[in-house]
Amino acid sequence: MADATTNNWECGDSAAVPGLRVGPEGLPVVRAFPRGSVLISHPESSDEEPGVYVSTFWSRGGEETWTAGEPMDVGRLPDRGVTPRKLQSVNGVSAVTGGYIASGRALDPLHDQPVGALWTSADGRRWTKAPTGKNLFHEVYDLYGAAELDGTVIALGVGAAPDSSEEPAPTRLWIGRYGARPALGRPSGLAPFVGTWTWSHGSIVIDPEGRFTYRWRLYRDCATEPAPCDNGPEWGGKATGKLAPDASGRLRGRLETTNRPDEEGHRENAAVELRREPYGAIRTTVAGRPHGIFCSGGEADSRCVVSHG
């Protein structure tokens, strides 16, 4: 196969990829990008091991000849899915800002089942496997593909099919960024956090100085219960404090006042940490424990509700 100057593909001479066997058992996956093309071949490893496929990366820029990349990185113990290359395979490759991402699977020898796998490359030739356990890729059987939108990379994973054939296999999305560069278009400091953030039973308002007011539902009706209580849309739980940005871009502070001092997570002087998600949401930790994900209003709210509602 060879890439044309349009979106169409023309049948070419397989000899252009030295040593590549093209047949029904090993058709390559090819992706053409403005800065070059990347090809993945995975023919059967040998006649002695039918059904075992070995993925190989090939790349080229403006030249006609394809160049084989370095051997696939299998990962490093004690991570999950670290196994010989013949037991790891790639489904597809995507171009992202600054490089490429390949998604696939690997056999986890510890549990004798496949787990999702992801590799990254700056040039399409040398590929590094991303940590599996740290990124929770082992929670699915396969990563089917990835795409980038405005600097944000979204990867799709599929889990094991349920026992009932009528139910679809569970899917999961990962959201992140390629490389360690700063997030595109995301300001630092307090600005990304200022505003009103809500979830089904709580809200937090953060002002430009970093002061915040957190309200939550107590399920105590003021018509029949003493204060603190819920008075219609004004929920009875209330805590306030002050936040400041740290070097990582998160906000940190403490609860200075609270009307529920005996409740876990609402005690006075409890440490508070806020982290922005790559969509319209903030993740809140109180006293070292996850406290909830709050959504912003407006257009971003629907993305947050779909993810966490």
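Mentor: What follows goes from the chain as a whole to the salt bridges, then to one threonine and the nonpolar cores.

This is a predicted model, in which local features need pLDDT of at least 70 and side-chain atom pairs count only at pLDDT 80 or more, while totals for chains, interfaces and linings use all residues. Residues are numbered from 1 along each chain as its sequence is written, and side-chain values use heavy atoms, with hydrogens and water left out.

The protein chain has 2 helices and 21 strands, where helices (H or I, at least four residues) and strands (E, at least two) are DSSP runs numbered from the N terminus. Of its 309 residues, 38% count as buried; buried means under 20% relative accessible area, exposed over 50%, and partly exposed in between, with a 1.4 Å probe and protein chains only.

Side chains of opposite charge can pair when their charged atoms come close. With a salt bridge taken as a side-chain nitrogen of Lys or Arg within 4 Å of a carboxyl oxygen of Asp or Glu, the count comes to 12 salt bridges. One of them joins glutamate 70 to arginine 126, with the closest N and O atoms 3.9 Å apart. Because glutamate 70 lies in the loop between strand E6 (67–68) and strand E7 (88–96), and arginine 126 in the loop between strand E9 (113–121) and strand E10 (128–129), this pair ties together parts that are 56 residues apart in sequence. Glutamate 70 is partly exposed at 44% relative accessibility, whereas arginine 126, at 55%, counts as exposed.

Arginine 80 forms a salt bridge with aspartate 108, the closest N and O atoms being 2.6 Å apart. Here arginine 80 lies in the loop between E6 and E7 and aspartate 108 in strand E8 (residues 99–108), so the pair ties together parts that are 28 residues apart in sequence. Aspartate 108 is buried, at 3% relative accessibility.

A further salt bridge links glutamate 263 with arginine 260, whose closest N and O atoms are 2.8 Å apart; glutamate 263 is partly exposed at 23%, and arginine 260 is partly exposed at 21%.

Threonine 258 lies in strand E18 (residues 251–258) and is buried, with a relative accessible area of 16%. The side chain of threonine 258 reaches the backbone oxygen of histidine 266 at 2.7 Å. Leaving aside neighbours within four places in sequence, threonine 258 is in contact (heavy atoms within 4.5 Å) with Trp216, Lys238, Ala239, His266, Arg267 and Glu268.

As for the nonpolar cores, each is a set of buried Ala, Val, Leu, Ile, Met, Phe, Trp, Tyr and Cys residues joined through side-chain atoms within 4.5 Å. The largest has 19 residues, and those with the most contacts inside it are Ile204, Ile206, Phe212, Leu243, Leu274 and Ile282. Among the elements that give two or more residues to this core are E18 and strand E19 (271–276), while its largest share, 3 residues, comes from E16. Apart from it lies another core, of 12 residues, among them Ile101, Ala130, Val140 and Leu143.

Terms used
A polar contact is a pair of N or O atoms within 3.5 Å; within protein, one must be able to donate a hydrogen and the other to accept it, and residues adjacent in sequence count only if both atoms are side-chain atoms.
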